Amino acid sequence: MNVGDRLPEWSLPITPTLVVSTAIATRDFQDVHHDRDIAQAAGSKDIFVNILTSTALCERYVTDWAGPDVQIRGISIRLGAPAYPYDTFTFSGEVTSVEDGVATIKVVGSVSLGDHVIGTVTVAA
Amino acid sequence: MNHPASEALVDPAVHEKIMAEAERIKGWGEAAERFARDEVNQPTINNWLEAMGLDNPRFKAGEAPPSMAQVWTMYGLGGRPSEDDPLHAMMRALTGAGFTAVLGTNCEQSYDRYLEVGERLRVTTALDSVVGPKATGMGVGYFVTSRNTWYVDHPDGRGERVATMLFRVLKFIPREKTS
């Protein structure tokens, strides 16, 4: 891993099934992640991807690129635009530093409304 | 200290009450300790791998994906935080002061190591900071940051820290919709 290395862009369609299955797989039963009527009554356009999944998709994106032996030390994310069904995630990433045995990878997962997640994934280099 | 900008956003008496409550709850330190319902287990890992579309042979051979750390101690369907949970105590205080809406803004997880099938996690919650009032695009609110620490307890009585998380939410008064 070298500073400036870019991760290949990755697209993931956001289906209702993705939103619901990932919410339940992360044991997050908040109704806004699986019940559209309740999500809309709360002022949301639709159900939306939960935070544990935003983090998990950063883990997947970096793992798919770095390989199964990668040792992830941390994932920090800042949340932006909500990720609704029928939209698409586009992930991009770049190695921003490699020092003291730790590589830092900046990851951005965007949707049509803007950046959904701006993340920093640190891995053993 | 005088904060004219802040006073314009929130009644100073309300602000003082909020900050006093924050200090009180911060004083609880690592609180609301609880154990995961289940040990780290393969079926739950498999469900997560399928949902995320992640394929890694390590996670079929005894290790758990690092970002699942939080999953093990989720409350589950119908589960509720206890009265002494610092994050929820602070949320209650802000809701009571009119800051009814909530939005997650930051989540910073660190992993000391990958967890292994069979380990049972213990988690604590502390209130890290309450910052505000701030005028944001969503409305006027306070940023509330909590800190979770996950441990694995060993037979010799040693509690090993395995993961941490800083979680920040904006607790705010929704702006009036302009039509």
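1. A nonpolar core here is a set of buried Ala, Val, Leu, Ile, Met, Phe, Trp, Tyr and Cys residues joined through C-beta atoms within 7 Å. Buried means that 20 or more other C-beta atoms, placed from the backbone, lie within 10 Å of the residue's own.

2. Bear in mind that this is a predicted model: local features need pLDDT of at least 70, side-chain atom pairs count only at pLDDT 80 or more, and totals for chains, interfaces and linings use all residues. Residues are numbered from 1 along each chain as its sequence is written, with chains lettered from A in the order in which they are written.

3. Start with the largest nonpolar core, which has 75 residues; Phe48(A), Cys58(A), Val62(A), Val121(A), Val123(A) and Met90(B) have the most contacts inside it. The top contributor is helix α3 of chain A (residues 51-66), with eight residues. Helices are DSSP runs of H or I, at least four residues long, and strands are runs of E, at least two, numbered from the N terminus.

4. α3(A) is mostly covered, with 14 of its 16 residues buried. Just past its end, Gly67(A) has a positive phi of about 100°.

5. Now look at helix α1 of chain A (residues 16-25), whose buried residues are Leu18(A), Val19(A), Thr22(A), Ala23(A) and Ala25(A). They sit on the same side of α1(A), because they cover an arc of only 165° around the axis, taken from the directions from the helix axis to the C-beta atoms. Their cover includes β1 (6-14) and α3 of chain A, along with α3 (42-52) of chain B.

Methods: Buried ≥ 20, exposed ≤ 12 C-beta atoms within 10 Å, placed from the backbone. Contact = placed C-beta atoms within 7 Å.
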